[in-house]
Amino acid sequence: MKKIVTPLMLAMSLAAAGSAFAQAAAPAEPESSLSFNAGAVNEYRYRGISQSRLQPALQGGADYADKSGAYIGVWGSSIKWIKDGGGKSNTEVDIYGGYKFTVGEVGYDLGFLRYEYSNNALTPSANTNELYGAVTVGPVTAKYSQSTGNLFGFAGSKGSSYLDLTANYDLGEGYSFAPHI
């Protein structure tokens, strides 16, 4: 059976990955890892807004997680929304890094995320920097993100924030139930 990944599913998977990482209780020291992902989605939707004008998108990325808890990664997707504003970019590239750690039964994730749109030609620029922090307790993750400048090219949006709450329940056989608010 072919599984189709939507942006919401990707976000939930990332939250779930953070949750799983935070809850890992392996007796040995965790190993560093390098992973890759690629996909074709029926629509790229981010924070409730279509990034691909309700059309399919190609996506992919790479992540490195160090055994210390530090991680870096890059992820990209085809987009169409910048053309709506008179820009020329048809690609989003996200560059991020952070640090995950646990204190008792609680997992934490602190990081930085850069959304980069080459040739976007919007004023102000759609390029956006965000700082984020997440807390995971059991299957539930709460994440807070705040922009350090104008958010996605919207004038006067400096310091915009976003809060999300996600739970992740393993259903077995590669499936999970992940409600998200």
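How many bridges join strand 1 to strand 4? I counted nine, with the two strands running antiparallel and strand 4 covering residues 57–65. Within this pairing I looked up Leu34 and found that its bridge partner in strand 4 is Tyr64. I take strands as DSSP runs of E with at least two residues and helices as runs of H or I with at least four residues, both numbered from the N terminus, and two strands pair if DSSP finds at least two bridges between them.

Before going further I note that this is a predicted model, in which local features need pLDDT of at least 70 and side-chain atom pairs count only at pLDDT 80 or more, while totals for chains, interfaces and linings use all residues. Residues are numbered from 1 along each chain as its sequence is written, and side-chain values use heavy atoms, with hydrogens and water left out.

**Fold and sheet.** I found two helices and 12 strands in the protein chain, and along the sequence they follow the pattern α-β-β-β-β-β-α-β-β-β-β-β-β-β. Eight strands form an open sheet in the order 1-4-5-6-7-8-9-10, with antiparallel pairing. Strand 1 and strand 10 (161–167) are at the edges with a single partner strand each, so one side of each has no neighbour in the sheet. The twist from one strand to the next averages 15 degrees, where axes are lines fitted to C-alpha atoms, for helices over the stretch in contact, and angles run from 0 to 180 degrees between N-to-C directions.

I looked up Pro30, which is in the loop between helix 1 (7–23) and strand 1 (33–41). Its C-alpha atom is 8.6 Å from that of Asp66, although the two residues are 36 apart along the chain. Pro30 is partly exposed at a relative accessible area of 43%, given that buried means under 20%, exposed over 50% and partly exposed in between (1.4 Å probe, protein chains only).

Buried residues make up 33% of the 181 residues in the protein chain.

**Charged pairs.** My search of the whole structure gave three salt bridges, each a side-chain nitrogen of Lys or Arg within 4 Å of a carboxyl oxygen of Asp or Glu. Glu130 and Arg47 meet at 2.8 Å, N to O. Glu130 lies in strand 8 (residues 128–137) and Arg47 in the loop between strand 2 (45–46) and strand 3 (49–50), so the pair ties together parts that are 83 residues apart in sequence. Glu130 is buried at 2%, whereas Arg47 is partly exposed at 23%. Arg45 and Glu43 meet at 3.0 Å, with Arg45 partly exposed at 36% and Glu43 buried at 17%. Glu116 pairs with Arg114 at 2.8 Å between the closest N and O atoms.
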